[in-house]
Structure formats: C-alpha cells, structure tokens
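Welcome! Let us take a friendly walk through a protein structure, one part at a time. Keep the 3D view open as you read.

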Amino acid sequence: MQRCSTTCPYCGVGCGVVAAYDSAGDDVRSVSVSGEKNHPANAGRLCVKGTALAETLSTQGRLLYPRLGGRQLHWDAALDEVAQRLRDTRREHGPQSIAFYLSGQLLTEDYYVANKLMKGFLGSANVDTNSRLCMSSAVAAYQRAFGEDVVPCNYQDLESCDLLVMVGSNAAWTHPVLYQRVVAAKQANPHKRVVVIDTRRTASCDVADLFLQVRPGTDAALFGGLLQFLTNHGALDERYIAAHTQGLADALAATAACDLDAVSAATGLAHEALQTFYTWYANTPATVTLYSQGINQSRTGSDNCNAIINCHLATGRIGKPGAGPFSITGQPNAMGGREVGGLANQLAAHRGFDAQDVDAVGRFWRATDMASAPGHKAVDLFQAVERGEIKFLWIMATNPVVSLPDATRVARALQRCDFVVVSDCSADTATAQLADLLLPAAGWGEKAGTVTNSERVISRQRKFAQPPGEARPDWWIVTQVARRLGHADAFDYDSPAAIFREHAALSGFENQGARCFDISPLAGLSDDEYEALPPQRWPLAATGAAGPPEQPFADGRFPTPDGRARFVAVHPVAPAADGRFVVNTGRLRDQWHTMTRTGTVPRLSRHRDFFAISINPEDARELGLDEESLARLGNERGTVVGVPAPDPDLPRGQVWVPIHWSGPFAAAGRVNDLIAPLTDPVSGQPQSKFALAQLTREAPACWGMLFSRRPLELAGTDYWSRLQVAGGHLALLAHSRPASRLAAQLDAVLSQPDLKPVSYQDEASGDLRRLWLRGDDIDSAFFLATQRASLPTRDWLGTLGTSPCPGSPLGLLAGCTPSAADPGATVCSCWEVGEKQIAAEIARGATSVESLGERLRCGTQCGSCLPELKQLIQAAAKERAA
Amino acid sequence: MAATQTRELLVVGAGMGTAYLLQELARLPHDWSITVIGEEARPCYNRVLLSSLLAGELAAADLDMLPADCAARFHSGVRATALDTRARQVHCDDGVARHYDALVIATGARVALPPIDTLRAADNIHVVRTLADVDALRTLSSQRGARAVVLGGGLLGLEAAHGLNSLGFSTAVLHRNPTLMNRQLDREGGQYLQRILEGRGLGIRTGVTPAALDYSRDGRLRGLRLEDGGRIDCDLLVLATGIVPNKDLAAQPALRSERGILVDEQLRTSVQDVYALGECCQYGEHTFGLVAPVREQAAVLARALCGVRSGGFSPSDWPVQLKISGVDIFRAGRLDPGDEHIVFRAPAQGVYRRLAIADNRLVGTLLVGDGAGSSWYAQLIREGSPIDALRQGLMFGRDVATASAAAGSAGDAHTRTSAEIIERDTA
C-alpha cells in the first residue's frame, strides 16, 4: 500500500487528504481516501464528498483523446490547430478577438501559464474564470477596502472568536469540515455565540443562537443599520478609525436612513431580533463575520461585502485573532487564481493595470505583447462572444453553459463563436458538446501543482496515478501552444515546480512590501523541496522567525498608497419584487458544481435524489403542488421543471433551486436559464441568487422510473432527472401522455435484438413495467404508473444493476422485495445509514447524536448529517411528548 | 343377528378415485367390509405420474397410492362383466358373482379414439393409460431416434410426448386446435407452452387434423396423412385424443347414464345403494378428468357411505394445477376479455401469467412457467374479497402484494418498517 498526501479538489476549505493505493507499474488500484491529520485546514476530518473521492476515479465519462469536429486526432495536430487558430484570429481581428475562460478547479501553475500567455504574449486581458461567479465581489470589496485582495482571517479565527456571524453561507452543507470546526469550538466554549443570517432556515442554523431570516437582497441594509447602531451606541473604535482608516463619514451618511424601523421594514426582521444581533455585535470584540455566495452573488455584491467590512473597520476588529470579515470561497483554487491574476481585471501577482504594474510584469516576463487594460469579465465576455467580437475562445476545466446566468444565451454564443476549444476531464459536458476542439485534461490525482484555500494556505496537489488515455496536465497543454506561437523561451517549463518558482519570484518582484502577497522566499525551492512542500500560509513567516506568521493587517497598515483602509459608502438597494416568486439558488450537501464528478458516485445522490424545486408548504398547498404533480418555474428567459419539495424552512413567496442540474442529468433543470445576466457594477459578478418567476402546477398523465446501463437523455419527456446507482443509471420520468405512449418511446430507445424482454402490464390501471435482459444481467428496466406513489422506491430500483437474474424473472418487476429491511432515505452518506434505521435506534432508546453514532456510526465521519440527526431526535422527542 | 353381520362394500375399479375413497374411509369410523376389484394387475396407482414413469423419472413403486393400513380386499386382474342390481351382485370374469350391500362404480375412462376411418389396431399404435401401456412403450425404448407422433395436444398428450421425448423418441405432437391445451390455456398461454416444449425438443403442430393412416404390408403403421395434404412418417403413434367415461357396467335401463353414469350430489346413481365415482360418472352436465373434483367426490362419497353428513358434491370451478414436462401450469376462474387483465410476460424464460379482475375482485388466473401464488389466487377468487389495495403487487404473490399495499396505504412508505407491516397483517 502506498500513500500520497494531497489536497481535496472540491470546496475552498482545501482539506488535506491522503490517497492510499496499490500500484503495479502505471496501474493504480484500490484507492481509498482519508483525511490528512497534519493539514491545518481539516486535521484529519473529511466531508462526504471528500470521503467518496476514490469513487470518482473511474474513466467513465472521461475525455481520453483530442477530438476535432468529433474526430479523434493526434496531440501534435490538435496543438498545431489551437496555435494556428489563435495566431490567425489575433492577426485578422486583433487581440480583443481572443479569450480564455478558466476555472477555480485549475491548479495555480495551470492558471499562471494561461494568464501569462494571454496577458504577456497575446496582448489581451480577456482571461476570466468561473471564480467570477463565486467570489469576485468579495475580491472587489477587499481591494476597495484594503487596496489588495487579502482575506484577513484564518480558520482558527472561526474557532477563537466569541461571536460568529454567518451571512449567506450554509457552511453545514457547502463547507462541512469548517462548519464542524465551528460546532466543536462552540461545544468547547459555552460563551461563544453564533448568528446565522439567511433568507431560508438552513442546516447551518443548527449551531445558531440567533437566526435572522432576512428578505432577499437586504444584507446591506442590515449591516448599514449595524454601522448606525454601533455609532449611536458608542461602540466605534475611534482610535483605530482615526489611525488606520478613512471615509467613515461618507459611509455613515450613505446609511443615515438605516434606523431600526427602516432596517426592520427592509429585512422583515423584528426590532427585538435586530437589537439582539446589534447588541451582541457591539459588545463582542472577538467577532468574525463569515460570508459566502448569499452575499457575493448579488447585483450589489461588492457593496454587501463592504457593508460588512465597514463594521469591522469601525470596531477595529481586523488583523486581530478571532476577528475579521472572512469571505469563504466555493472552489478549491479560487484563491490561487486570484494570486496569479486569473481575473480579467487583475494583471498578475495581485497587481492591477496601472502603467507601473504593466511595465514591471512585462519586464519580469520579458513579454512581447503586454495587455495594458482589463479584459472582459465572465458575463460580459460571453456577451462579447455572442456579439461576434470574440472569435476564439478557450475554455478550461469549467462548464459555463450550465453555470453562467442566462444559460441558453451562453450556449447560443458558443454556437456562434468561430472556434471554441474546451480542455476538460469530462467528455460530455453541456459545454463540451458545443466545442470545435476538445483537449483531454488530466484530473485530480493525475497531475501535480498547488492550490490555495480560503485561509491563504498553499498546499500541494500531488500525482499518484497516470492520466487515462492521452489526457495531459493543463499547464503542459498551454505551454505547448505557447511554444508553437514562438514563445519557447518564455514557456520552457519542464514541470509545475519550474512554474511555481517563477510565480513565487514574480510575487516578490519589485514588491518592497507594497503588496501582502509575497511568496518570493519559495522561489528558490528545488524540485525535491517543491515535491515535499508542506502547507504554507502567506504572508510567510520571516526567515528565521519563530512561531506562525503574523495575521495580515495586524499592524494596522494596509496596502493602499496612504496605508489606510477605506470605508466604502454603501447605499442599500434591495432588488425589486413584482409579485412573482423569488428564486434563490444554491448547493446541495452531497453534490458539486454541475455533477460531472459527484454525479458518478451513487452514494452522493442518496441525500437528495432527483431534480426538485423547494417550495414553502403553504404555497405548495395553494398551488396544488403535491407529490403527484410537477412544479414548473418559468420567466421570460426560460423554464425549469422539477418535482415539488415542500420545505417549511423557506418563507412564503420564495423558491429554492439547486444549481447542479443540466442537460446530461435532467430535462429542464438548468436554473441558470431563469437567471438574468445582471452583474455587480464593480466586480462583474452575476446575481445568481435572485430571479423572479412564475410557479405553476403540471399534472403528468404518467410517471416512471427508468434503469439503464448507459446514461440516457430522454428527449421528448416533460420531466426526467437521472442519477447514478450501482451498475447503472436511474431516472425519474413524468409525461403528459399516457404510459403506453411513453412505453413505446422508451422501447424504441432500449430494445435491441440481443436483449430479452420481460414485461408487466395492468391494462386497466396503466401500470406498465418492462425490462430487458442481456444474458442474466438487467440491461434496462422501466416502471410506469399513473401515480408517482405507485412507483418502486429508488432504494429497490438501485439494486437492479447488481442483482443477478433469478431463475424466474417474476420478482424483477415486483417493485419491492418484501423480506429485505428497507433502511429508508439516507441521512448519513458516509456510512450509508438510513432514516428508518435511525428511527429504529431512537425508538430503542438513543437520545443523542453521540449514542446514534455509537450504535450506527452515523455522523461520525464527516458530520454533515449531524443537524439532521439532531432534528430526528428532537422530532421523536416531540412526538413522545405529544 | 343383523347387528353383528358386517356389511359388504364392493368397489369396481381400482384407479385413483378408489384410492382417494379408501384414504377417506380410513379416516372415518365405519363397519364396512371392503372389496375392490380391478382390471389391471396393480391396484390404485397414481395415473397422473405415468408420464414421469415413462420418462424414467420415477420408479413404478413411487406411484403407489394405497394407505399403509388399508383393510380392503383386492382382486386384481379381475373385470366386472355384469351388474345385477336386483340380486345385488356383480358378475366378474373370474367366474365369481360378488355380493354387495353397497356398490361403488369407479371404472374410470378410456381413451377416446379419433374419428379416422383408417384407424385400426397395430402394434405400433398405443395409448398411455395404464402401467401396462407404459411397460409396452418402454420395451420400445431401444429404438432410439425413432419417430413418435402423439395425436392430441391436451394434458395427456403432452405428458405422453414428454415421456417419449425423454425415452429418446423424436417426438411430434399433432393438435387439432390452434392452441395447445386449449381447455386450460388461452391462446397466448398455449403459445408460451408450445415455445417451451419446442425448446425441449418436441415438435409441435397445432391446427392440424389427420385424415388417414398409412400401413405397411405387415400391418404396421407407417405414417399419417393430414387434412391439409401434408404427410408425416412415424414409427410409433400414441393416441391422446381425450377420454370417454367407461360406463359398460351401466348397460341397463334402471341405471341411468348419458355420457357417464348419472349421479346426484351424494354420488348416488338412480339405483338404491349403487354409487359412481370419478371419470365414469356424470353430474349434471359435467364429466371429470382431473384430480381435484374426483378427490372431492371421494370425500363426499366416503361420508355418505359412513352416514356422516356432508354438504354434498357440487361442481365448482376447480383450479387446475399441472406440471407438463416440468412446466408449472395453473388455471382458476374465468378469463373473459371484457374483464380487466394484468399480464406478465417473459418469453425467453417461458413465464406467462394473466390475472383477470372484475368489480375489484380477482375472477381468473392463468399461470404458465411460474406458479408462484397459485393457492393464494385460488383463495382470492373463491372468497371474492376486494383487491384494490393489493392490485399493484397482486401479480407477484402474497408477500409482495401485502408489502406494497402496506407501503401504499401508509402514505409515507419511508417511515414504515417491515415489522409494522407484519403486525398490522396479523391484527
């Protein structure tokens, strides 16, 4: 058994993981993944997605060879083609006609070379990234306030603070390991308080002492009111303000109207609740505000962030242990991308586009054609593609046709673009389907480099397996193209280590303390030292200094020309409602992005299975949205159709839609079809968490469940949503036409001459079931019924792919196995513990999550199901009492 | 001293009906002295298993049906030739006239000969009715690869064909109706059975009628000519074209008979103290060829003979449970096209199941290839209880139906455990 210490590729927490595996030559087998005990982010803990990482390492769905126009070609030819198209497009239409769209999934070294090629050698700054969608408002706000994009907190601050304010973050689901650190810290410190601010009651409320359910888009008003409250109650740190900031007066003037009445009217919160929050904040020096997409993904995202930062500056709660405005990112290497300048409005190494920066970076790179002005930001960039201004687009490691707002228009833009290159691991993403040239990229475990997590810790991702087929690391692909463009000297890297050394050197180049981001001491790492590099937090400890590096801004000096932080005048503006439903979007606990990775792991779809739209139960009742109906959510841009999921944690008038679904996984599940391309004027980040749409009921004539070995896209059905089960795929279907019609349609797709059919039909009820056997294996099966409630359970259907055909095929269409105990819906994905098992243990006397853990192991791995376990215990107690 | 004189019960015929009667009588208190005479060398064997014996799957001893403590006197190889109801005597071909106080005629049936003018006795034309018939066929078994034709694709014909096939004959079944076993199966069921049997090497032709037989100069059958002009050569012909009740003993006006000897619900004939049982009797319009009604008749008759009250025999829709060449077949109730049908089909595995429902009640069942749940279906049809809650799982037997009914009625399947379902069931 060999072990490889590396970093998890999912969220911005950046946990260290250990991959253990057997290897024989190039062949790596029996990989298992566990938490790295020595990593500062997680100290051995892992969430369910990380725990299931090894299960994503199949070649299923992988892009294995370069493909041009659908035909496989040699790497040399593919790279020649990219270089040729780049050169020709740039020559004919100028540097603004070419663009790269990158990803927070790339490693820092990948990011660095792509950014360098475009901005230093192709004369364009049209390099943007999907990080734009997730934290560019946080970046913009840090830059406005501090003069540099510096996250001024560490994870330890979440533990050591006395008041943690979580805003627009359901960390329990999106950053589970971090959330568990908070939970543990709260258990250890009874005086610690947690306030959760959100539009809906999330799993993170489990840890909250106070939950403030605000109206969508009113965060700036809430924090504007806080700034007023602090001022009016003598809670400002006048000395700090005087010594280290400027602009408070304007900030106060902008929020002058934010008295309790106004804030209460805007947010929908009672005076009492506001007062409690404001008072706690005023009285607690060690306060951290942790915020995420609920704050960022807004048309006023930058202002939202600055409203939060303003309060920290006003109380001097920054640069001190247990205090600060802490933006947590969604992606594994959004921070690394920021460091290399992967955003269109940054140049490199935290430098911008003023002449001095352009000159310095140009000299460092020995650039032949420096970009001198910012390029197009994501939404804007794709609109430029649509307008025909950008004619060459290279997309790396991301799926913008699903993840950008107004997704249909993004798809149209790609269709219109002269040449689209997509380099990715997945062969069949919605974006890959629109590419002219596909380049197979190495994935997690197959390539090496570094990532930076949300607390500025640079960690190594290490390689332990060979890429499948002809997949190559992104840095290699970009470097090869650069060499073909005549820049062999500037791109002579033979390894990620060489790129990292240059990146580190650039951060220190002519810096002299002007920018906090300076990792130039690492520029001298040998290849071996790079290989062995332990996690490094920047700012790095001074050479020879004992103890950990200093917290940023501990000395009250900021990287602005005058060394002072800036208050930003924020005028709270809430988005306008018009009586339609307010659409909010977000992540599920066990899924990731567009499911290209997590969608292949059966157990990760057990927490939430099919594409659903969450609705307040009262609203659902009024609209008749019961289990036998479909919820259609539509506006002038597009439509999504999901099964209605009543959720009492949502306020009336709001719906919540997960971001993960798209063409390969559901008929109409791409929520970005509803989202307008409205962006924050400063950051360019789209308002992904607010749309208006009509909600209507549809009553299908029949429902179905389909099992297949191949993933199927079922064009022509009103609703389908697919997930992976052991040995195949399972889809829930609904159709407006009777079962017999749907059956005929499915027969046409599924039947093959060498398959043996088994069928069941209740001619009167419309109940229709069919399966096809290949030898003794089930190749595909469907169950159709007029009532969704009549369909077999997902648990039962999930066994079809692994059960051998018994002597008589009768039981295969039975829809249930009466003898086997049904564990119920999965609550704990790590140990696969179901609701019924938990209920049974509670009935047998388990009264705490700990005792459940001892009995069933549930909640003892990643802990992200602990809120649900607690709820089950409480509900059972309530039932007993009643 | 009439009180001490035992009464004589004479049973003519030593077939399965008699075996059942003796089994029933053994369980009841009575003072009959029982005498059984039978034409065949061995009394009371299980005729249903003859095809298995023919196939070599069973030994002759496995067919024995007599109760171990059977007190009856048997006279085997003896044929009753005449009945004198006035003298209460039966004349037998061993020269003995046997007295009775009560007489049971259980002479069974014989093979109905097909209406072919050219049919005549030949040493390669057989029936499979008795142990002797099977013995005769088994002596032919050295002729491996020889061609056998079975005329008649009903239960008996198919069983015979199975036996011959197992013996090594290249066996073909000719059936007049388009559907095999058309008395028990619907058209589709017949096709399923045909495919299964064909898969086991039987040749089957349905919808064909032989017009004439061809013989060689030495009198042996050579082949058949069909009405459609076709010709089939064969080395052996087995006739299985149905049965007719054997009512030879009833050749007198006082003992009324039609197709069979007429009986009432206590199995009494028109003559005092004379009863008839099994394939030789006729009740109303019904004659009998399957085991279930004969068993019931035997039970009723035993009670009548012992003076124990019973509800009497009434013809009902007896479920038919068969195994043809290892294939389970079950039929109960009606399969009217106007009713609601639930159908399960697995052609490759040879499983075909059809349930008919009317007014929310199970009214008919046909199972081919997988007989799971048959007795439960028979019960549901008999009881006529509503099945709406069971409907979804009905096809898959009692356990599945009950489990899915419980899941459906709970409305919240996720919170129920199987333990709860079982408790509710028994409550």
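## Two helices side by side

The crossing of H8(A) and H14(A) is left-handed. This comes from a predicted model, so please keep that in mind throughout. To find the pair, look in chain A for helix H8 at residues 219-232 and for helix H14 at residues 301-314. Their axes lie 8 Å apart, and the angle between them is about 20°. Angles under 35 degrees count as roughly parallel, and H8(A) and H14(A) are therefore roughly parallel to each other.

Which residues of H8(A) meet H14(A)? On the H8(A) side they are A:Asp219, A:Ala220, A:Phe223, A:Gly224, A:Leu226, A:Leu227 and A:Leu230.

Chain A has another helix pair to look at: helix H2 (residues 75-93) and helix H20 (residues 474-484). Here the axes are 9 Å apart and the packing angle is about 60°. H2(A) and H20(A) are therefore oblique to each other. The crossing of H2(A) and H20(A) is right-handed.

From H2(A), the contact uses A:Leu79, A:Asp80, A:Val82 and A:Ala83, while H20(A) brings A:Gln480, A:Val481 and A:Arg484. By class, the contact of H2(A) with H20(A) has four nonpolar residues, one polar residue and two charged residues.

## The domains of chain A

How is chain A divided into domains? The domain assignment gives domain 1 (2-56), domain 2 (67-131 + 333-448 + 465-493), domain 3 (135-327), domain 4 (581-806) and domain 5 (826-881). Notice that domain 2 is listed as 67-131 + 333-448 + 465-493. Taken over C-alpha atoms, the centres of domain 1 and domain 5 of chain A are separated by 27 Å.

## Where the chains meet

Now turn to the place where chain A touches chain B. How many residues does the contact take from each chain? Chain A provides 28 residues and chain B provides 27 residues. Strand S30 (756-762) and helix H26 (835-843) of chain A each supply at least two residues of the side of chain A that touches chain B. S30(A) gives the most to that side, with six residues. The residues on that side of chain A comprise 13 nonpolar, nine polar and six charged.

S30(A) is also joined by four bridges to strand S23 (residues 340-346) of chain B, and these two strands run antiparallel. To see one bridge pair, find A:Tyr760 and its partner in S23(B), B:Phe344.

## A sheet in chain B

Finally, look at chain B, where five strands form an open sheet with parallel pairing, in the order S9-S16-S10-S11-S12. The edge strands are S9 (125-127) and S12 (203-206) of chain B, each pairing on one side only. From one strand to the next, the twist averages 20°.

Within this chain, strand S10 (residues 147-151) and strand S16 (residues 236-239) run parallel and are joined by four bridges. For example, B:Ala148 stands opposite B:Leu236 in S16(B). Helix H4 (residues 155-167) of chain B packs on the sheet, where H4 touches S10, S11 (170-175) and S16 of chain B. The direction of H4 makes about 170° with that of S11(B).

Technical notes: Residues numbered from 1 in each chain as written. Chains lettered and ligands numbered in written order. Predicted model: local features only at pLDDT ≥ 70, side-chain atom pairs only at ≥ 80, totals over all residues. Axes fitted to C-alpha atoms, helices over the stretch in contact; angles between N-to-C directions. Parallel < 35°, antiparallel > 145°, perpendicular 65-115°, else oblique. Left-handed = near helix turned anticlockwise from the far one by under 90°. Contact = placed C-beta atoms within 7 Å. Nonpolar A, V, L, I, M, F, W, Y, C, P; charged D, E, K, R; others polar. Pairing = 2+ DSSP bridges. Domains from an automatic or database assignment.
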